[in-house]
Amino acid sequence: MRNDAPVMAFLGISENVSQSVNVDERFSSLNILNLRMEIISFIFPLNLSNFFSLFALYDIEKFDEIKIICKDNNQKQVFSSTINTMISKSENDFLEESDTSIMESFISRNSFWMVIPIQFPQNAIMMEPGKLIFYLRDKNIDYEIGSANCFAARARPLSDDQISALKSDPTAIKHIKFIIGCNKCKEELKVIAGLTKPELSKDEIWVEDLPNNFECKCKNISFNTSYIKNGYQHLINENIFSKKSCTITRQYERKTLRSLLFQYSKTLNQNPKEEIMQKFLEKHTILFHFFSPLRIINKAPILSKYVTDFVILSKNGTLNLIEIEKPDKLITTKKGRRTSDFNHPFDQVRDWLHHFKNHRFTVLDEWGINTKEVTKIKGIVIYGRDHNCKEDDLLKIKSSDFGEIIFYTYDDIANSLTSLIQDFDDI
Ligand SMILES: [Zn+2]
């Protein structure tokens, strides 16, 4: 090996690094998943503290101390970290100490290349997409040892049917609040993001109202806000904000769900028209949570021939064509036979399914659904009330086979909301 060969190399970035002890306690192994040279994010400024940078270091015995500096492409320091190798020489122990950063590294006595993970500290922020460049500092000279790229992923704004589906998810995010501030002049932005603009306090700012550029008083931080504006809806949709970096308000609490259940039962008991129930379900898509919707389309037409009441694409790829009827229609006659009113929606949905299958590509295209997203198709009939039917008759009907169609009463929908409320603490 040449004398001037670098003693250290940057290997890449990973979010998933853990140390595990082997059977023999003197040995430990490093688990590194998804090692790569780039970070792709929907949002910038990006807090890097979930990431580790990994380095290979040769012949550690030669050094008393190793200093690593990370800068962005504007030569602004992102973080610096000092690995004190003296400790490891004397104690040969797991090292967890740094004046400038959080660092977890394990250094052995071996005179070979070894891998050292360094976690980005909490205050390591990448303001905009760009390069992260790593340097080894030796006797006040910085030697570049590698770099990684931060890219911005472009998110499309959510469509109405995606938003409806999101509102049916009991764990969905309603609002998030995060603070971006300068640690020198202390100027900060308290940003609120969500699907709808909430009431704000004086010092808060709605995400869409952010100025295009933010620069703090002392000019220490400056960034383009378009990455926040373009990315936040995607992160809300994916439910991937970390609690570490922001405050999250969920769409639902037990209390809101209870009051919805009350409203739903009250509405049903007033024998509402079908249109009233249509509007109620459009507004409160959480009642469809048991479908695990990815998209909910109201009144989706099947070409120009039929109009469904709802089409729900479930996360598992099932496409549900839903017909709802006026709730007080009877399921059975006094003799326990199915009424003709009851048979009607099933015939209807069968026609839908038939027509849909004949024109699958065209219809899906009109609905804006990719044909690859659909793995199965089902018809759904929501009809009638449990108490309008004798218990035995109802049991017999609910357990009968309707082929590709599933039958729910309006009470089944209520029951599913009830069990959601019961389980809600666990979410
Ligand atoms: Zn400042």
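Two strands are taken to pair if DSSP finds at least two bridges between them, where strands (E, at least two residues) and helices (H or I, at least four) are DSSP runs numbered from the N terminus. On that basis P293 stands opposite S314 in β22. The model is predicted, with local features requiring pLDDT of at least 70 and side-chain atom pairs counting only at pLDDT 80 or more, while totals for chains, interfaces and linings use all residues. Residues are numbered from 1 along each chain as its sequence is written.

- A residue counts as buried if 20 or more other C-beta atoms, placed from the backbone, lie within 10 Å of its own, and five of the five residues of β22 (residues 310–314) are buried.
- From β22, F310, I312 and S314 point one way, whereas V311 and L313 point the other way.
- In a regular strand the side chains alternate between the two faces of the sheet.
- β22 pairs with β19 (residues 293–298) in the antiparallel sense over five bridges, and four bridges join β22 to β23 (residues 318–324), also running antiparallel.
- V311 has L321 in β23 as its bridge partner, and the hairpin formed by β22 and β23 has three residues between the strands, with G317 in the turn showing a positive phi of about 95°.

**The sheet β1-β6-β9**
- Three strands in the order β1-β6-β9 make an open sheet with antiparallel pairing.
- Because β1 (8–14) and β9 (113–119) stand at the edges with a single partner strand each, one side of each is left without a neighbour in the sheet.
- β6 (residues 52–58) pairs with β9 in the antiparallel sense over seven bridges, and S53 stands opposite I118 in β9.

**Nonpolar cores**
- A nonpolar core is a set of buried Ala, Val, Leu, Ile, Met, Phe, Trp, Tyr and Cys residues joined through C-beta atoms within 7 Å; the largest has 46 residues, and those with the most contacts inside it are I43, L46, L48, I68, M126 and F134.
- Helix α3 (residues 226–238) supplies the largest share of this core, five residues.
- A second, separate core of 38 residues includes I297, V363, V381 and I413.
- Leaving aside neighbours within four places in sequence, I68 is in contact (C-beta atoms, placed from the backbone, within 7 Å) with S80, S81, I118, F134 and L136.

**After helix α4**
- N271, which follows α4, has a positive phi near 45°.

Conventions. Buried ≥ 20, exposed ≤ 12 C-beta atoms within 10 Å, placed from the backbone. Contact = placed C-beta atoms within 7 Å.
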